[in-house]
Structures are given as C-alpha cells and as structure tokens.
Amino acid sequence: MSEKQEKFIKLAEQRTNKVLKSIEVLSHCSNTYTYEYTDEQVKKIFDAIEEELKVAKSKFKNNNLVRKEFKL
C-alpha cells in the first residue's frame, strides 16, 4: 500500500468517525422532554446536511473521472 493511500485511510477514518459522532450528538436534540422544535426546523437541518453530503460526494466523483483523449 502506498504512503498516500495509508495517509488517506488514516485521515478518512478519523474524519468519518468524527462526522458520525457529530450526527449522533445532533440526534440528542430530538428529545422532546428537553427541546421543542418544528418539522420545518428539522427539515432545514437535514436539508443542509444532505446538500453538503452531495457536494462532498461530487468532489470524489469528479476526482476519479477518466478523461478520454480527444481525437478527430
């Protein structure tokens, strides 16, 4: 395994676990005994998360595009 791949795996695992933990912590806000919120507020939260996820996914897809050589 190359040094770049090892570095990617290390950082990707750390950062993914950090994101997953943040989502878990966010879910604690769903406790209606402690918090009050509207469906619209919840929608805004998840719309923002989903939009950022789309942006991140597109960056990975665009980096892996195989560009074909143009020929006439």
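Of the 72 residues in the protein chain, 0% count as buried, where buried means under 20% relative accessible area, exposed means over 50%, and partly exposed lies in between, with a 1.4 Å probe and protein chains only. The model is predicted, so that local features need pLDDT of at least 70 and side-chain atom pairs count only at pLDDT 80 or more, while totals for chains, interfaces and linings use all residues. Residues are numbered from 1 along each chain as its sequence is written, and side-chain values use heavy atoms, with hydrogens and water left out.

The protein chain has 2 helices and 0 strands; these are DSSP runs numbered from the N terminus, with helices being H or I of at least four residues and strands being E of at least two. The chain exposes about 7,600 Å², of which carbon and sulfur atoms supply 57%, the areas coming from the Shrake-Rupley method with a 1.4 Å probe, where for residues only the protein chains shown count as cover.

**Pockets**

Rolling a probe the size of a water molecule over the atoms shows where empty space is left. On a 1 Å grid over the protein atoms alone, a pocket is an open set of points where a 1.4 Å probe fits, with protein on both sides within 12 Å along at least five of seven lines, and its lining residues have an atom within 4 Å of a point. Grid points are joined across faces, edges and corners, and a volume is the space filled by probe spheres set on the points.

The largest pocket holds about 470 Å³ of space. Among its 13 lining residues, Arg 15, Thr 16, Val 19, Leu 53 and Ala 56 lie nearest the centre. Both α1 (3–27) and α2 (39–63) supply at least two residues of this lining, and the largest share, 8 residues, comes from α1. By class, the lining has 9 nonpolar, 2 polar and 2 charged residues, where Ala, Val, Leu, Ile, Met, Phe, Trp, Tyr, Cys and Pro count as nonpolar, Asp, Glu, Lys and Arg as charged, and the others, Gly among them, as polar.

The second largest pocket has a volume of about 190 Å³, and its lining includes Ile 23, Leu 26, Tyr 37, Gln 41 and Phe 46. Here too α1 and α2 each supply at least two residues, but the largest share, 4 residues, comes from α2. This lining divides into 7 nonpolar, 3 polar and no charged residues.

**Surface patch**

Met 1, Phe 8, Ile 9 and Phe 60 make a nonpolar surface patch of about 440 Å²; patches are made of residues with over 30% relative accessible area and no salt bridge, with like charges joined within 9 Å and nonpolar side chains (Val, Leu, Ile, Met, Phe, Trp, Tyr) within 5 Å.

**Salt bridges**

Side chains of opposite charge can pair when their charged atoms come close. A salt bridge is a side-chain nitrogen of Lys or Arg within 4 Å of a carboxyl oxygen of Asp or Glu, and by this rule the count comes to 2.

| Salt bridge | N to O distance | Helix and spacing |
|---|---|---|
| Glu 24 and Lys 21 | 3.7 Å | α1, 3 residues apart |
| Lys 43 and Asp 47 | 2.6 Å | α2, 4 residues apart |

Glu 24 is partly exposed at 40% relative accessibility, as is Lys 21 at 47%. In the other pair, Lys 43 is partly exposed with a relative accessible area of 45%, and Asp 47 is partly exposed with 35%.
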